[in-house]
Amino acid sequence: MPPVLHSGHPVTWSAWHFEPTAVGIAFVVLGLYVAGLRHAGAPFEAWRPAAFLAGGGLMLAALLSPLDAASDRLLSMHMLQHVFLTSIGPPLVLLGIPAQTLRWLLPQGSPGFKAAALLTMPFVAAAAFILNMWLWHIPPIYEAALTDLNVHVAMHVAFMATGLLFWWPIVAPYPELSTAGPGARLLYLFVSGFPMGLLALLLLSSEVIIYDFYQDQPSRLWGLSALEDQQIAGVIMGSLGEVASFVAFTLIFVRYFLTDREELGITPNA
């Protein structure tokens with residue numbers, strides 16, 4: 001059996017491993033964010049830095065905390081890690097970036113702006129997210145990520161990048177790059193949920209172990225069998241993984257409904 005990547009890290013509260021590369025990148029991103037806030041001249045809104053730090057902190061914790069060590073022993077913990085990297089951290093990060101900061105980082109007409117305009121188109125962003133998620137869950141590719149550090153890092157980078165792309169059309173942090181209206185955003189969330197729900201259902205309903213890596217684990221955590229672990233992973237993907245989408249759908253729908261009533265001259269007291 002191939003060695004587990006983090007086999008030297010016990011799954012305890014002390015199992016934090018501060019990888020220099022991950023910590024260094026986090027400081028670079030934070031530095032760019034602070035510089036963007038200072039140079040862009042955006043009015044200070046305390047909730048934005050709080051959202052950015054919360055989202056970035058959750059994503060960093062998913063990579064450095066005991067959750068990372070547990071993810072090499074249980075599929076369910078790996079799935080929880082992926083939820084933080086794709087569905088919870090990214091929308092918070094995007095909510096935390098003022099439009100003025102993005103205009104400073106990606107001025108209109110620049111190559112970066114043009115690339116972002118293409119990548120954040122709803123169809124492109126959703127397709128990249130869904131295809132990336134399904135690709136990494138193909139058994140040989142998924143198991144390669146568990147035994148090869150370079151593949152492991154590539155998987156996490158891909159999850160974070162496509163997570164940010166997926167949430168961009170929903171959060172719309174840069175108005176000039178976000179042309180989809182409320183109705184289109186609701187449709188985007190609704191349609192993109194089906195492929196992810198199908199993958200979750202596959203994990204939950206399968207009577208065979210999809211990933212032999214977890215079947216062959218010599219020491220299992222918390223007494224879970226490989227099949228129980230796989231079913232819990234399906235529940236996590238199908239429930240926690242969809243919570244952010246459900247919250248976003250609800251907020252957009254309520255805002256759309258209230259705006260539509262205002263345009264029609266209907267007030268709550270009418």
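These questions and answers walk through a predicted model, from its helices to its cavities.

User: How many helices and how many strands does the chain have?
Analyst: Along the sequence, the pattern reads α-α-α-α-α-α-α-α-α-α-α-α-α. The count is 13 helices and zero strands.

User: What percentage of the residues in the chain count as buried?
Analyst: Buried here means under 20% relative accessible area. The chain has 270 residues, and the buried part is 41%.

User: Which atoms make up 72% of the accessible surface of the chain?
Analyst: The accessible surface comes to about 13900 Å². The atoms that hold 72% of this area are carbon and sulfur.

User: How much space lies in the largest cavity?
Analyst: The whole structure was searched for cavities of 30 Å³ or more, and two were found. The space in the largest is about 170 Å³.

User: Which element gives the most residues to the lining of the largest cavity?
Analyst: The lining has 17 residues, with Ser 87, Phe 129, Met 196, Gly 241 and Glu 242 closest to the centre. Elements that give two or more residues include α7 (122-136) and α13 (240-263). By class, the lining has nine nonpolar, seven polar and one charged residues. The top contributor, with five residues, is α4.

User: Which helix gives the most to the lining of the second largest cavity?
Analyst: This cavity has a volume of about 40 Å³. Its lining includes Leu 75, Tyr 211, Ala 226 and Asp 229. Six of the lining residues are nonpolar, one is polar and one is charged. With three residues, the helix that gives the most is α12.

Technical notes:
Residues numbered from 1 in each chain as written. Predicted model: local features only at pLDDT ≥ 70, side-chain atom pairs only at ≥ 80, totals over all residues. Heavy atoms only, no water. Helix = DSSP H or I, 4+ residues; strand = E, 2+ residues; numbered from the N terminus. Buried < 20%, exposed > 50% of the residue type's maximum accessible area, 1.4 Å probe, protein only. Areas by Shrake-Rupley, 256 points an atom, 1.4 Å probe, with all protein chains shown as cover. 1 Å grid on protein atoms, 1.4 Å probe; cavity = no way out; pocket = protein on both sides within 12 Å on 5 of 7 lines; lining within 4 Å. Points joined across faces, edges and corners; volume = space filled by probe spheres on them. Nonpolar A, V, L, I, M, F, W, Y, C, P; charged D, E, K, R; others polar.
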